[in-house]
Amino acid sequence: MWLYRALFMIFTPFVLTKVRRFQKNNSAYRAKEAMGYWPKVSADLWVHCASVGEVLAVRPLVEQWRRQHPSKRLLITTMTPTGAEQVTKSFPFAEHRYLPMDWRCAVKRVITQLDCRHLVIVETELWPNLLHLAKAHGFQVDVVNARLSERSFQRYQKFSLISRPLFALPDSFLAHAQADAERFTALGARKVSVVGNIKFDLTVPDTVVEDNWRRRLGERFVWVGASTHPGEDEILLNAHQALIKVLPNALLILVPRHPERFDDVYRLAKQGVNTAMRRSQSSLDDWSHTNVVVGDSMGELMHYYQASDIAFVGGSLIERGGHNPIEPALLAKAILVGEHTFNFFDITQQLIDAGGAIRCHNESELVQRLIELAADQPQRQAIGQNALQFAEKNQGAVARVLSEIDFH
């Protein structure tokens, strides 16, 4: 631990810069909590979610836990202000705090202020000081929806002096798939179970169905580029330019993964097409007059997917590793992904094998598939139905999590 603490202290200026940026960009951000100065809080269960994606992922688990324990109190922590906003939307009954930065003194202040002894970490955000102090104070610690790519596994192995004691701390890892479980075991995890991905147990929110953006956009062809990263937006805009040469009325909804990129992507879109709009500054009625809409809103990704005929899942045209394709699958959308899907390798490959998604290795393949599917509605619908059937077949992970963990 001394090595980790020394390294973390070296990076303290970068951590403080991030805290200041959060505070500058979001007036509601409570920086004191990130420093470990929490008001006292009592809870029966503490769930930690890094940001928006993890908050959305844990929704089916929290909802089922709450049905079983309606009188129990829930604390949810996030690292980011956008995650906090999503907690307020998804779980208005829960208490929210910002997770302290992983300085030992900050974490210790929080642990001693907190009346709760069960921590559930969503996915695999393992902070050494947090885990050490939680276990020292008698916490039960479980990691749910746990995943570990081969690339991350190799990195952890290089620093086994730090990583092996770290992975031995949680009481259990409830893994996505067998390959993830084997990696956790190899890194020293004590108890590992394969339960599947709780994101399959998501339900499409009623508001998405009721709002029905797809119907409101009329007959025009719509595709979404979701959760994009630097280097992908240009490719998707180029593909859209090729598409509108054969289908002039086509609409691209371009949704950057991170809010700090909204302005840059909007400027890029205005350079690449005749007309571009921002979701935050326009209504759906305005979209009939534009080629590209930049999805600069939080918590509306399912709406964007529902509005589309084809969903491209970002982070996969560049070596980011891809994002989870389950949400568009639950909406029965034809799905396109790029070459790099190592973050969700098993799910993505199984979805492709089931006929619910198509892999595009480069820009030219993306353009080809896009134009083909835009002209072939029956094929789009068949791919979408395959995706939905695959998602429904893999549901049930939440029940398995609840049976594996003692939520006393």
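Helices (H or I, at least four residues) and strands (E, at least two) are DSSP runs, numbered from the N terminus. The structure described here is a predicted model, in which local features need pLDDT of at least 70 and side-chain atom pairs count only at pLDDT 80 or more, while totals for chains, interfaces and linings use all residues. Residues are numbered from 1 along each chain as its sequence is written, and side-chain values use heavy atoms, with hydrogens and water left out.

Ser 90 lies in helix 5, which spans residues 81–90. Ser 90 counts as buried, at 16% relative accessibility; the term buried means under 20% relative accessible area, exposed means over 50%, and partly exposed lies in between (1.4 Å probe, protein chains only). Apart from neighbours within four places in sequence, Ser 90 is in contact with Val 55, Leu 56 and Arg 59, where contact means heavy atoms within 4.5 Å.

Attention may now turn to helix 4, which covers residues 52–68 and contains Glu 54. An unreviewed UniProt entry places the feature "active site" at Glu 54. UniProt positions are given in the numbering used here, feature names are shortened, and annotations may be inferred rather than shown by experiment. In the model, Glu 54 is buried, with a relative accessible area of 15%. When residues up to four places away in sequence are not counted, Glu 54 touches Cys 49, Val 122 and Glu 123.

One of these contacts, Glu 123, deserves a separate look. Glu 123 is placed in the loop between strand 6 and helix 7, and at 6% relative accessibility this residue counts as buried. Glu 123 has a positive phi of about 65°, although it is not a glycine. Most residues other than glycine have a negative phi. A second example is Ser 227, a residue other than glycine whose phi is near 55°, a positive value. Ser 227 is found in strand 10 and counts as buried at 7% relative accessibility.

Another loop residue is Cys 116, placed between strand 5 (114–115) and strand 6 (118–122). Cys 116 is buried, with a relative accessible area of 3%. Not counting residues up to four places away in sequence, Cys 116 touches Ala 43, Asp 44, Leu 45, Trp 46 and Phe 139. By contrast, Leu 336 is 220 residues from Cys 116 along the chain, and the C-alpha atoms of the two are separated by 43 Å.

Strand 8 and strand 9 run parallel and are joined by 3 bridges, with Ala 175 opposite Val 194 in strand 9.

Helix 9 (residues 160–167) has as its buried residues Ser 163, Leu 166 and Phe 167. These residues cover an arc of only 85° around the axis, which puts them on the same side of helix 9; the arc is that of the directions from the helix axis to the C-beta atoms. Their cover includes helix 7 (128–136), helix 8 (150–158), strand 8 (172–175) and helix 10 (178–186).

Strand 11 pairs with strand 10 (residues 222–228) in the parallel sense over 6 bridges, and Ile 253 in strand 11 is the bridge partner of Val 224. The chain crosses from strand 10 through helix 13 (residues 233–246) to strand 11 in a right-handed β-α-β crossover. Right-handed here means that, with the strands pointing away from the viewer, the path from the first strand over the helix to the second runs clockwise. Strand 11 also runs parallel to strand 13 (residues 292–294), joined by 3 bridges, and Leu 254 stands opposite Val 294 in strand 13.

Notes:
Pairing = 2+ DSSP bridges.
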